[in-house]
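Okay, thanks for making time, everyone. Let me put the model up and walk you through a few parts of it.

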Amino acid sequence: MAAKPVIITKTEMEKVLCGGKVPPRFEVDRGQLVAIWDVKRAGTDLGIEVKVYTSIFGAESRGVGEDSIRVCVVDAKADKGLNKTTYTTRTTGWELRLTGKIRDMFLFAKAIPACSCGRRMALRKNKADGNVFWGCTGYAARECSRTQQFVEVA
Ligand SMILES: [Zn+2]
């Protein structure tokens, strides 16, 4: 099956994003429509957001090749990314691929540990051996260097 590039309308995008159990809230960031969900565990707000940068500017998406739909997990308070952003190309079947990625990001977001210093941990990669681990988001400011083993959820 050949993946054909498509232009997505704002209405089509909203239909896909609002089709789940919890509809997102929408914001416009530098002209781009962004969908945001607050992640909760057992009714408690974790201070983590799943965000979809839709590539919708105005009534429809930008041209294919100009950018992709991005899904990311963000520490809401610190405004820091907690994962590597994943991209969905605007080709046939994007709806299923995007909803799959959003679901994956929710599972990932719920599994993000809190550091004993109170900050969130973020997924990091050891450049030398390629191993993935949790590292405190206080590391960049040299305030905390705690790490934790990353166990892939099956
Ligand atoms: Zn810490």
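Which residues in H2 are buried? Before I answer, two quick notes. This is a predicted model, where local features need pLDDT of at least 70, side-chain atom pairs count only at pLDDT 80 or more, and totals for chains, interfaces and linings use all residues. Residues are numbered from 1 along each chain as its sequence is written.

So, in H2 the buried ones are Trp94, Leu98, Ile102, Met105 and Ala109. Looking down the axis of H2, its buried residues sit within an arc of 70°, so they line one face of the helix. That arc is taken over the directions from the helix axis to the C-beta atoms. Buried here means 20 or more other C-beta atoms within 10 Å of the residue's own, exposed means 12 or fewer, and partly exposed is in between, with C-beta atoms placed from the backbone. Over on the other side of H2, you've got Leu96, Gly100, Arg103 and Leu107, which are exposed.

What do the buried residues of H2 pack against? They pack against helix H1 (10–17), E2, and strands E3 (44–57), E5 (69–75) and E7 (86–88). Contact means C-beta atoms, placed from the backbone, within 7 Å. Helices (H or I, at least four residues) and strands (E, at least two) are DSSP runs, numbered from the N terminus.

Now the hairpin. Strand E1 (residues 25–29) has five residues and the number buried is zero, so it lies largely in the open. E1 is joined to strand E2 (residues 32–41) by five bridges, and they run antiparallel. Phe26 has Ala35 in E2 as its bridge partner. There are two residues between the strands of this hairpin, and Arg30 takes a positive phi near 50°.

Next, the open sheet. Three strands make it up, in the order E8-E9-E10, with antiparallel pairing; strands count as paired if DSSP finds at least two bridges between them. Strands E8 (121–125) and E10 (147–149) are at the edges with a single partner strand each, so one side of each has no neighbour in the sheet. Five bridges link E8 to strand E9 (residues 132–136), and Arg124 stands opposite Phe133 in E9.

Last bit: how is the chain divided? The domain assignment gives domain 1 (1–112) and domain 2 (114–154), with bounds from an automatic or database domain assignment. Nine residues from domain 1 and six residues from domain 2 make the contact. Their C-alpha centres lie 24 Å apart.

Technical notes:
Two residues are in contact if their C-beta atoms, placed from the backbone, lie within 7 Å.
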